[in-house]
Amino acid sequence: MPYPAVSVQELKKCAAEVRLQIVQAMGPGKFHHFGGSLSATDLLVALYHRQLRLRPSEPDWPERDRFVLSKGHAVPALYVCLARCGFFPKEELATLKTLGSNLQGHPDMRKTCGLEANTGSLGMGLSVANGMALAGRATGRGYRVYVLLGDGECQEGQVWEAAMTAAHYRLDTLTALVDRNELQAMGRTEERMSIEPLAEKWRAFGWETFGIDGHDMGQICEALDAAAEVKGQPAAIIARTVKGKGIPFMEGDPGFHNVVVTQEQFAEAVAALEATIASFGG
Amino acid sequence: MSELKGTRDGYGEALLQLGSEDPRVAVVDADLFRSTRTADFAEAFPDRFFEIGIAEQDMVSTAVGLALGGMVPFANSFAVFLAGRTFDQTRQQVALPALGVKLAGSSAGITQGPDGATHQSVLDVALMRNLPNMCVVVPSDAEEARLATRAAAQRAGPVYLRLSRYETPVWREKGAPFEIGEVEVRRPGGDVTIAACGVILGRALEAAESLQSEGLSAEVLNVHTVKPLDVDAVIASCERTGAVVTVEEASTIGGLGSAVAEALAERASRRAALRRLGVADTFGESGSADELLEKHGLTAQNIAAVARELVARKS
């Protein structure tokens with residue numbers, strides 16, 4: 001049994017709680033990457049609370065699965081998952097992006113327990129994941145490697161250099177997820193610099209691809225399992241998502257990439273997320 | 001006189017030795033394995049050699065992943081691409097987390113020769129020296145490059161090795177000790193200090209020889225480690241001689257010349273006259289290595305002439 005027995009329903013509730021914790025950590029009055037953290041939340045919850053084989057009490061366990069957050073600006077969502085897994089105390093979440101905090105604005109693996117790589121400047125995470133997968137092969141370790149990219153990030157040339165490398169080396173221990181929320185910092189991806197047809201691009205580069213609803217926990221789990229079964233080539237999961245998911249006034253609005261929310265907006269967001277959590281019952 | 005070799009040749013020999021001694025040593029290359037001298041490693045250890053194609057950025061980030069997977073990766077390309085094109089990958093993923101990724105910048109400097117300005121890395125030392133946690137080593141001959149490569153593999157953090165195709169005799173005595181971060185006094189003297197790094201060291205030694213015949217005693221420092229600079233040793237020599245010429249076949253802005261100037265300005269208790277020889281705020285161009293060195297004043301004659309001037313200025 002590779003994965004802990006956790007139900008889709010439990011994961012959904014967990015994701016709702018994670019969203020609330022993200023927003024609480026960010027708070028009102030400060031710039032934060034709300035939209036892209038919330039679009040990636042379900043994917044991260046499925047990874048950290050079901051898929052990844054980890055030992056939070058032994059973070060350097062050599063056989064652990066690796067996860068690289070290539071879209072580093074969504075790291076608040078990852079911090080919440082790491083804290084819930086026990087890599088560091090939940091109380092630290094309140095220090096997000098403040099002076100002296102272990103929780104930097106973008107991932108710094110030397111500061112945060114559980115982070116596997118430095119990202120932030122976009123386009124580099126897939127290459128790192130490739131290197132981890134190649135190292136796993138060379139050292140005979142059986143771990144899997146996961147990497148989450150933003151859709152706007154796929155405009156970076158290095159992503160496609162790395163896509164070629166993964167296919168060339170037939171890295172079937174690697175799964176890439178693309179958070180396809182259709183928005184980037186300055187607007188819609190298809191208006192700024194079109195990336196469609198996205199799945200066809202990954203296929204053309206030699207990848208097995210899966211298209212899913214990135215907020216449907218059942219589909220996420222099935223796709224992660226199916227990707228792990230792919231042999232002889234890497235697998236990409238293109239997850240259709242909604243930027244700002246879970247907070248009605250943010251959903252799909254390109255204005256919530258990296259912004260300050262007011263006290264009123266903050267209260268409204270918290271109320272919406274608390275209502276979602278309550279809908280799962282005690 | 002021993003046979004002529006480039007520092008890249010000593011690097012390739014060391015890689016092969018390291019490969020058989022340590023199964024963690026891995027190599028990534030960007031379609032230059034014959035030129036970067038990783039071909040022997042590739043043949044001997046195909047499971048630990050990764051061709052990444054003409055994609056230097058992917059190559060450096062892949063090396064990062066290899067390091068995070070427990071390996072000791074050496075990333076290879078021409079110095080001009082490695083230091084320039086992958087600067088952001090190196091900044092964010094190698095230097096910031098102080099990862100044990102070894103960057104081997106090959107065919108460095110104006111001694112790259114005929115390929116011209118686009119392929120001549122005159123800025124690599126300055127760029128790499130500016131990165132926190134980075135160690136910058138510029139070996140002066142093939143034997144020193146072999147030792148530096150072994151030392152780089154042993155060192156915990158990132159290392160930039162600046163390697164040349166320019167062929168010189170091996171001046172270093174077999175078995176002479178080599179420590180990253182320690183200046184080697186290659187020739188003791190009292191009238192002027194010549195601080196050099198890289199393949200130009202031989203010309204500095206020749207200059208010292210010719211000065212000797214005029215009755216001037218030049219101390220030649222082999223500053224193979226530009227960062228961390230052995231400040232104490234450099235300052236001690238300059239304070240004693242009162243004059244220093246820095247010699248490098250790289251930009252004088254940000255390289256060894258800058259490092260020595262900064263150390264002198266802040267640390268020396270006695271004034272010392274300084275001249276920096278190197279590529280002075282300009283790009284390279286096509287030509288033979290020797291022609292280009294001459295054009296930029298990097299000949300034994302000119303080093304001696306500048307040293308003589310400085311000594312005259314002292315008195």
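The C-alpha centres of domain 1 and domain 2 of chain B lie 26 Å apart in this predicted model. Domain 1 of chain B covers 7-162 and domain 2 of chain B covers 184-314, with bounds that come from an automatic or database domain assignment. Between them, 27 residues of domain 1 of chain B are in contact with 29 residues of domain 2 of chain B; two residues are in contact if their C-beta atoms, placed from the backbone, lie within 7 Å. On the domain 1 side, the elements that give two or more residues are α6 (124-129), β5 (135-137) and α7 (142-154) of chain B. Helices (H or I, at least four residues) and strands (E, at least two) are DSSP runs, numbered from the N terminus. With four residues, α6(B) gives the most to this side of domain 1 of chain B. By class, the side has 14 nonpolar, eight polar and five charged residues. Here Ala, Val, Leu, Ile, Met, Phe, Trp, Tyr, Cys and Pro count as nonpolar, Asp, Glu, Lys and Arg as charged, and the others, Gly among them, as polar.

Residues are numbered from 1 along each chain as its sequence is written, and chains are lettered from A and ligands numbered from 1 in the order in which they are written. Local features need pLDDT of at least 70 and side-chain atom pairs count only at pLDDT 80 or more, while totals for chains, interfaces and linings use all residues.

The contact of chain B with chain A takes 25 residues from chain B and 25 residues from chain A. On the chain B side, α3 (56-68) and α5 (87-95) of chain B are the elements that give two or more residues. The largest share, nine residues, comes from α3(B). This side of chain B has 11 nonpolar, 10 polar and four charged residues.

Chain A has 10 helices and seven strands. Its C-alpha trace spans about 50 × 45 × 40 Å along the principal axes.

Within chain A, helix α3 (residues 41-51) and helix α4 (residues 75-85) pack at an angle of about 25°, with their axes 10 Å apart. Axes are lines fitted to C-alpha atoms, for helices over the stretch in contact, and angles run from 0 to 180 degrees between N-to-C directions. In this pair, T41(A), L44(A), V45(A) and Y48(A) in α3(A) meet A77(A), L78(A), C81(A) and C85(A) in α4(A). By class, the contact of α3(A) with α4(A) has seven nonpolar, one polar and no charged residues.
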